[in-house]
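I opened my notebook to look up a few side chains and what they meet. Here is what I wrote down.

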Amino acid sequence: DIPPETEIEPFGDLEGRLPMPVDAPVRATYSDIRSGNVTWQGWLIQTEVGTPVRAVAYGRVAYADWLRGYGMMLIVEHGDGFMTLYGQNQSLIAEIGDWVAPGEVVALAGNTGGNSAPGLYFQIRRDGQPVDPARWVDP
């Protein structure tokens with residue numbers, strides 16, 4: 001149910017060309033050890049509280065609320081089984097059902113996910129399974 005006047009490139013064709021959701025360094029990458037034998041399933045991006053978080057591609061907000069272990073979480077569905085997740089936010093700007101465009105501010109980064117430092121947790125999922133953002137994002 002994408003608005004008919006909107007022409008968008010399918011998410012699957014954007015591999016290697018997605019922008020960073022925040023302009024900041026990645027502190028923990030996909031498959032890095034998180035604790036014990038638990039690994040990161042996305043990126044922890046180091047940034048200041050209040051930094052604008054931008055959607056990486058066109059999609060519709062499917063979830064916008066608190067999620068245990070991730071803090072204030074925003075999930076955007078992009079179609080064809082793809083989703084992007086933006087966690088640890090201070091506040092959410094986009095709401096469930098909103099259409100978002102690439103580069104649109106959807107949240108403000110924070111420290112709500114239980115990590116010791118502020119930042120943004122960013123994850124890409126395909127058919128419900130996490131994939132390495134390094135294959136998709138062009139830093």
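I started with R135, which is partly exposed because its relative accessibility is 45%. The cut-offs: buried is under 20% relative accessible area, exposed is over 50%, and partly exposed lies in between (1.4 Å probe, protein chains only). I note that this is a predicted model, where local features need pLDDT of at least 70, side-chain atom pairs count only at pLDDT 80 or more, and totals for chains, interfaces and linings use all residues. Residues are numbered from 1 along each chain as its sequence is written, and side-chain values use heavy atoms, with hydrogens and water left out.

What does R135 meet? Its side chain forms a salt bridge with E15, 2.8 Å from N to O. (A salt bridge is a side-chain nitrogen of Lys or Arg within 4 Å of a carboxyl oxygen of Asp or Glu.) This pair links distant parts of the chain, 120 residues apart. R135 sits in the segment after strand 12 (129-131), and E15 in the segment before strand 1 (26-28). Strands are DSSP runs of E, at least two residues, numbered from the N terminus. E15 is partly exposed, at 37%.

How many salt bridges does the structure hold? I found two. R17 bridges to E9, with the closest N and O atoms 2.6 Å apart. R17 is partly exposed at 46%, and E9 is partly exposed at 41%.

Next I looked up T47. It lies in the loop between strand 4 (43-46) and strand 5 (52-54). Is T47 buried or exposed? T47 is buried, because its relative accessibility is 10%.

Key. Helices (H or I, at least four residues) and strands (E, at least two) are DSSP runs, numbered from the N terminus.
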